[in-house]
Amino acid sequence: MTEEVTPTTLREIKLRFLCQDDIDTVKRLCREWFPIEYPDSWYRDITSNKKFFSLAATCKGIIMGMIVAEVKSRTKIHKEDGDILASGFPVDTQVAYILSLGVVKDFRNRGIGSLLLDSLKDHISSTAQDHCKAIYLHVLTTNNAAISFYENRDFKQHHYLPYYYSIQGVLKDGFTYVLYLNGGHPPWTILYPFSLSITYLFNDLQRQT
């Protein structure tokens with residue numbers, strides 16, 4: 001169906017929020033884009049619960065890409081990422097977590113992913129204002145396309161997460177990537193720059209093998 005829809009410029013792309021009528025389409029796209037199986041409850045939540053920023057990029061009514069994110073208190077950061085922000089930030093400081101960002105394969109590298117990410121940043125600016133100090137996400141260590149996308153947009157690798165994903169019964173490693181906003185920063189320690197250099201080196205080795 002997407003073969004009949006060929007946006008040539010971003011001006012042809014329209015943005016709208018996901019709704020429950022999109023569940024079947026979103027399920028199909030997520031199965032094409034990601035190796036992770038999401039429960040039905042996840043699809044219901046992201047298309048109906050207002051706590052999620054669930055935005056679709058469409059062309060002629062067809063979904064070409066989407067982003068799902070949640071702006072939340074720093075106290076609700078995933079346990080493994082508890083040190084994303086320095087402890088000196090107030091407890092009401094917010095972060096944004098990207099649950100999903102994908103674009104239909106034939107329409108990648110046309111700016112749709114960047115448009116969706118920029119829309120999330122605009123949403124953060126208009127709602128959380130300067131209270132949101134970071135955007136973070138998790139990604140498979142082998143997903144080089146996604147890693148390049150985020151690194152090219154100033155996200156930095158923060159953590160290496162061994163055996164973080166279970167994909168068809170096989171444990172896979174992941175990374176945490178972070179983009180700091182509004183003066184946000186990680187804990188300042190002597191070891192922090194050193195630990196980053198180790199993960200960068202590991203990432204380079206992964207890409208070469």
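**Entry 1: ground rules.** Helices here are DSSP runs of at least four residues (H or I) and strands are DSSP runs of at least two (E), with numbering from the N terminus. I am working on a predicted model, and I keep that in mind throughout.

**Entry 2: the whole chain.** I counted elements before anything else. The chain has five helices and seven strands. Going along the sequence, I read the pattern as β-α-α-β-β-β-α-β-α-β-β-α. I then checked burial: 47% of the 209 residues are buried. For the surface, I got an accessible area of about 11600 Å², with 52% of it belonging to carbon and sulfur atoms. Among contacts with a separation of 6 or more, 69% are between residues 24 or more positions apart.

**Entry 3: helix H2.** Which residues of H2 (40-48) are buried? I found Trp42, Tyr43, Ile46 and Thr47. These lie on the same side of H2, because the arc they cover around the axis is only 120 degrees. I also looked for what sits over them. The cover includes helix H1 (23-33), strand E2 (52-59), E3 and strand E4 (94-103).

**Entry 4: helix H4.** I repeated the check on H4 and noted Ala146, Ile147, Phe149 and Tyr150 as buried. Looking down the axis of H4, I see its buried residues within an arc of 160 degrees, so they line one face of the helix. Two of these names, Ala146 and Tyr150, turn up again in the pocket entry below.

**Entry 5: the largest pocket.** Some background for myself: rolling a probe the size of a water molecule over the atoms shows where empty space is left. How much space lies in the largest pocket? I noted about 960 Å³. The lining has 34 residues, and those closest to the centre of the pocket are Phe34, Leu101, Asn143, Ala146 and Tyr150. I listed the elements that give two or more residues to this lining: E4, helix H3 (112-127), strand E5 (132-140), helix H4 (144-151) and strand E6 (156-167). E4 gives the most, with seven residues. By class, I get 21 nonpolar, ten polar and three charged residues in the lining.

**Entry 6: serine 100.** With E4 on my mind, I picked serine 100, which lies in that strand. Is serine 100 buried or exposed? I put it down as buried, because its relative accessible area is 2% and the cut-off for buried is under 20%. Beyond its neighbours within four places in sequence, serine 100 is in contact with Phe34, Trp42, Met66, Ile67 and Val68.

Entry 7: I took valine 71 in strand E3 (62-73). Valine 71 comes out as partly exposed, at a relative accessible area of 23%. Valine 71 and valine 95 are 24 residues apart in sequence, yet I find their C-alpha atoms 5.7 Å apart. Val95 is also on the contact list of valine 71, along with Lys51, Gln94, Ala96, His123, Ile124 and Ala128, once residues up to four places away are set aside.

Then I went to valine 178, in strand E7 (170-180). Valine 178 is buried, with a relative accessible area of 2%. Leaving out neighbours within four places, I have it in contact with Ile84, Ala134, Ile135, Tyr136, Asp154, Phe155, Lys156 and His158. I also looked at valine 178 against tyrosine 97: the two are 81 residues apart along the chain, and their C-alpha atoms are separated by 9.3 Å.

Entry 8: A reminder: most residues other than glycine have a negative phi. Where does glutamine 168 sit? I placed glutamine 168 in the loop between E6 and E7. Glutamine 168 is not a glycine, but its phi is positive, at about 50 degrees. I marked glutamine 168 as exposed, because its relative accessible area is 80% and the cut-off for exposed is over 50%.

Asparagine 182 is another one I flagged: it has a positive phi of about 50 degrees and is not a glycine. I found asparagine 182 in the loop between E7 and helix H5 (191-208). At 41% relative accessibility, I wrote asparagine 182 down as partly exposed.

How values were computed:
Residues are numbered from 1 along each chain as its sequence is written. This is a predicted model: local features need pLDDT of at least 70, side-chain atom pairs count only at pLDDT 80 or more; totals for chains, interfaces and linings use all residues. Side-chain values use heavy atoms; hydrogens and water are left out. Buried means under 20% relative accessible area, exposed over 50%, partly exposed in between (1.4 Å probe, protein chains only). Contact means heavy atoms within 4.5 Å. The arc is that of the directions from the helix axis to the C-beta atoms. On a 1 Å grid over the protein atoms alone, a cavity is a set of points where a 1.4 Å probe fits but cannot get out, and a pocket is an open set with protein on both sides within 12 Å along at least five of seven lines; lining residues have an atom within 4 Å of a point. Grid points are joined across faces, edges and corners, and a volume is the space filled by probe spheres set on the points. Ala, Val, Leu, Ile, Met, Phe, Trp, Tyr, Cys and Pro count as nonpolar, Asp, Glu, Lys and Arg as charged, and the others, Gly among them, as polar. Accessible areas come from the Shrake-Rupley method with a 1.4 Å probe; for residues, only the protein chains shown count as cover.
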